[in-house]
Amino acid sequence: MQEWAAAERILVVDHQPRLLDSLRLMAAGHELPLDAVETEGEARSHLASGAYGVLVVDLLHPEQAGQRLLQQIRADGLDIHVVVATSDSSQEAAVRALRGGARDFLRKPYAPEELLLTLRNALEHRRLSRENQRFQSRLRRSQQLYRFIVERSPDVIYVLDQQGNFTFVNAAVERMLGYPPEALLGRHYSVIVSPDDVSLARHGMDDRRTGDRATRNLEVRLLKSGDARPENRAVTVEVSAMGIYGQSGEEREGEFLGTYGVVRDITERKHAEALIRYQAHHDLLTGLPNRALFKDRLRAGLARNQRSEERLAVLFLDLDRFKLVNDSMGHSFGDRLLECVARRLRECLREGDTLARLGGDEFTILLPAIQRDSDPISVADKCIAAMREPFYLDQQEIYLGVSIGIAQSPEHGETVEALIKHADVAMYHAKEDDRRHVAVFESFMSQRVDQHVSIESGLRQAIAQNQLNVLYQPQIDVASGRITAMEALIRWRHPTLGTISPLDFIPVAEQTGSIIPISQWLLRTACQDMLRWPGGSESGTRLAVNLSPVQLEHADFVKDTLRILHEVGFPPHRLEFEITEHLLMRDLESVVTILRKLSAHGITFAVDDFGTGYSSLSYLQRLPIHTLKIDQSFVRSLQEGREEGHLVGAIVSMGRSLGLKIVAEGVETQAQLDMLRRLKCNEMQGYLFSRPQAALDLSGEAVERWRSAVHG
Ligand SMILES: Nc1nc2c(ncn2[C@@H]2O[C@H](COP(=O)(O)O[C@H]3[C@@H](O)[C@H](n4cnc5c(=O)[nH]c(N)nc54)O[C@@H]3COP(=O)(O)O)[C@@H](O)[C@H]2O)c(=O)[nH]1
């Protein structure tokens, strides 16, 4: 429908020119927006402009123009307030006029005041009508808006009656819970509430309170429509609800009418919250508890133990050689390996125990109630045995190993921090125990850890700052007095700690990976020294270099070794690597492969500390072994008639039968030398001949001293 302009005009159509003139005068005097025309044609063209809201027409216009104009207005549906002015004073005329669409009727002749009043009323009526239309239209728009908002709301909006039955619910209920709104109308709200939450919902969904006291964000579980069991179809929602009370009109003021509420699906938020909570307490890679959760459980365990006088134990685990695998195989491989490690460790534990990953390759175990002192050690042994088994990942066979430190409460600490720290300290000790890989905390260990820390940080600069040097100790053929080999032994002159034994820093270097650059530096330096040494060019004098198991696991070990020999110009057949039996306990197959590769270039191998490790000797035939070095402990206890004498004799004859050279280590006395000679062991190394010496000290004079020691 047409909107009327604010300033609507009045059109008067009459065949009496004098009347029209007087009307114009009157209109001008009263500032009425009035136009007066005489003919039907003029009237039509004025009306066509759309500017007229009131028409005064004489029905007795000579050519029935008034009738036609009325018909036209009706036919076109024009919203014009028509006032009929006629001299026909009959009642029928008035009725006819009103039927014809007129709103007012004026009898002619009329007084100007009468017309003026009628026109003012007409204009006022028009104004009120326009205002009403505007109001209606605003109302319609706002209703549409509210309907739009309510229907499109992602939240369920509902109204319950006094009994708690739905009287309104928007379409969101179908999206959220699958019920068409009409299916819920008239039904009690409890039909959609999870059975466990019905009493909770009672306080919220049909809450009679209003304002600040009304229910806000009450968490309940609603049920999705469907046949599934309630626990499978619950949706967690947040309900805000309040009572509705009569205000005026139909209802009594203050009368309780029902409840109005909004329901928001917070499933995703709950998931996000749960995930955040989970992330805060778990290691995302392995899914194990993290440090925070481990500490919580340990704290709870300690509190429980205080009441029950039970004891608990903390095991601190650090993987051996993980850093090497991670560096050489890449971090994603390392990550997957850690997942396998976590699974394997988990299988070694009982239900109530906690296995946590602290980060990197460090894990902790909480044994909350130990019965016997030996329980933690049994668990540790189980973990060590499990970790000794190879891992198979991407068609690769990986050997790791683990070292475990143990601290028990109350004897090793009664707080979370003390127990974890002491288990950690014991773990460092376990790392150095090449055989058992497990250690229970003892107070002296703390000092060693401080030293360990300064060794670890100092090692990084040791090469660059020229703090490393090599000493040499000869191996002598006592039959000929000839030096058969020189063993290179590393030393570290620490700027504050003084000279540090390789026994103290080699294990740290192995753990941190710095053994690789250190060993490369030693090989290069020793080869260069040997070439410079006056006796070094004596044909057949070999250079003996100790090999760390960690070096063998380094992917480029063979390539790097051959490169260094080539760069220095040292003949490979003069190099002998000393390996320990413990190395063979790890992964014999890959050790065989690597040793054979080097052996193909002439490099020889000696088994160091022979007799202290591997029980099976079958490896001697599989590996390219050239020399057996009888461990110092056998030599030290060599005394006439003691069992070790037979053992050394057996080693010598077994070695001979395999075509191996036998070297006795740690020979300190003439008596030992004589015994070894009688046992047909002619190659020896030990303080009796020489302590390890710097390259410069290995003069011809020293060599003479050794020869005289041999020949007495
Ligand atoms: N991976 C590497 N390991 C190395 C390297 N250099 C040394 N080591 C290993 O460290 C351990 C301790 O070595 P060190 O303190 O040098 O002791 C050696 C000799 O000094 C000592 N020895 C020799 N003769 C005697 C003796 O008559 N009595 C006595 N009490 N000790 C003696 O024995 C050690 C040599 O042992 P071995 O290697 O088994 O022949 C030691 O395990 C070294 O292997 C290195 O560069 N890399």
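Student: How does α15 pass α16, in a left-handed or a right-handed crossing?

Tutor: A crossing is left-handed if the near helix is turned anticlockwise from the far one by less than a right angle, and right-handed if clockwise. Here, α15 passes α16 in a right-handed crossing. Helices here are DSSP runs of H or I with at least four residues, strands are E runs with at least two, and both are numbered from the N terminus.

Student: Which residues make that contact?

Tutor: Two residues are in contact if their C-beta atoms, placed from the backbone, lie within 7 Å. On α15 the residues are H452, I455, E456 and L459. On α16 they are D504, F505, V508, A509 and T512. By class, this contact has five nonpolar, two polar and two charged residues. Nonpolar means Ala, Val, Leu, Ile, Met, Phe, Trp, Tyr, Cys and Pro; charged means Asp, Glu, Lys and Arg; the others, Gly among them, are polar.

Student: What else describes the pair?

Tutor: Two packed helices are described by the angle between their axes and the distance between the axes. The axes of α15 (residues 445–462) and α16 come within 10 Å and cross at roughly 65°. Axes are lines fitted to C-alpha atoms, for helices over the stretch in contact, and angles run from 0 to 180 degrees between N-to-C directions.

Student: What should I know about the model and its numbering?

Tutor: This is a predicted model: local features need pLDDT of at least 70, side-chain atom pairs count only at pLDDT 80 or more, and totals for chains, interfaces and linings use all residues. Residues are numbered from 1 along each chain as its sequence is written.

Student: Which residues of α16 are buried?

Tutor: A residue is buried if 20 or more other C-beta atoms lie within 10 Å of its own, exposed if 12 or fewer, and partly exposed in between; C-beta atoms are placed from the backbone. In α16 the buried residues are F505, I506, P507, V508, A509, E510 and Q511. They pack against α14 (416–432), α15, β19, β20 (498–500), α17 (515–532) and α18 (549–552). After α16 comes G513, with a positive phi near 90°.

Student: Which residues come nearest to the ligand?

Tutor: A residue is near a molecule if its C-beta atom, placed from the backbone, lies within 6 Å of it. The ligand has 23 residues around it, and L489, I490, P502, N546 and G686 come nearest. Elements giving two or more residues to this shell are β19 (482–494), α16 (502–512) and β23 (604–610). By class, the shell has nine nonpolar, eight polar and six charged residues.

Student: Which residues have a positive phi without being glycine?

Tutor: Take two loop residues. Q395 is not a glycine, yet its phi is positive, about 60°. Q395 sits in the loop between β14 (391–393) and β15 (396–398). N466 is not a glycine either, and its phi is also positive, about 60°. N466 lies in the loop between α15 and β18 (468–477).

Student: Why does Q395 count as exposed?

Tutor: Q395 counts as exposed because it has 5 C-beta neighbours inside 10 Å. N466 counts as exposed because it has 9 C-beta neighbours inside 10 Å.

Student: Where are cis peptide bonds to be found?

Tutor: Look at two prolines. P109 lies in the loop between β5 (104–107) and α5 (112–152). Another cis bond joins S409 and P410, with omega about 10°. P410 is in the loop between β16 (402–409) and α14.

Student: Where is R187, and which residues does it touch?

Tutor: R187 lies in the loop between α7 (181–184) and α8 (198–204). Leaving aside residues up to four places away in sequence, R187 touches N165 and F166. R187 and N165 are 22 residues apart in sequence, but 5.0 Å apart in space, C-alpha to C-alpha. R187 counts as partly exposed because it has 14 other C-beta atoms within 10 Å.

Student: How many helices and strands does the protein have?

Tutor: Its secondary structure comes to 26 helices and 27 strands. Of the 712 residues, 35% are buried. Among contacts between residues at least 6 apart in sequence, 60% join residues at least 24 apart.
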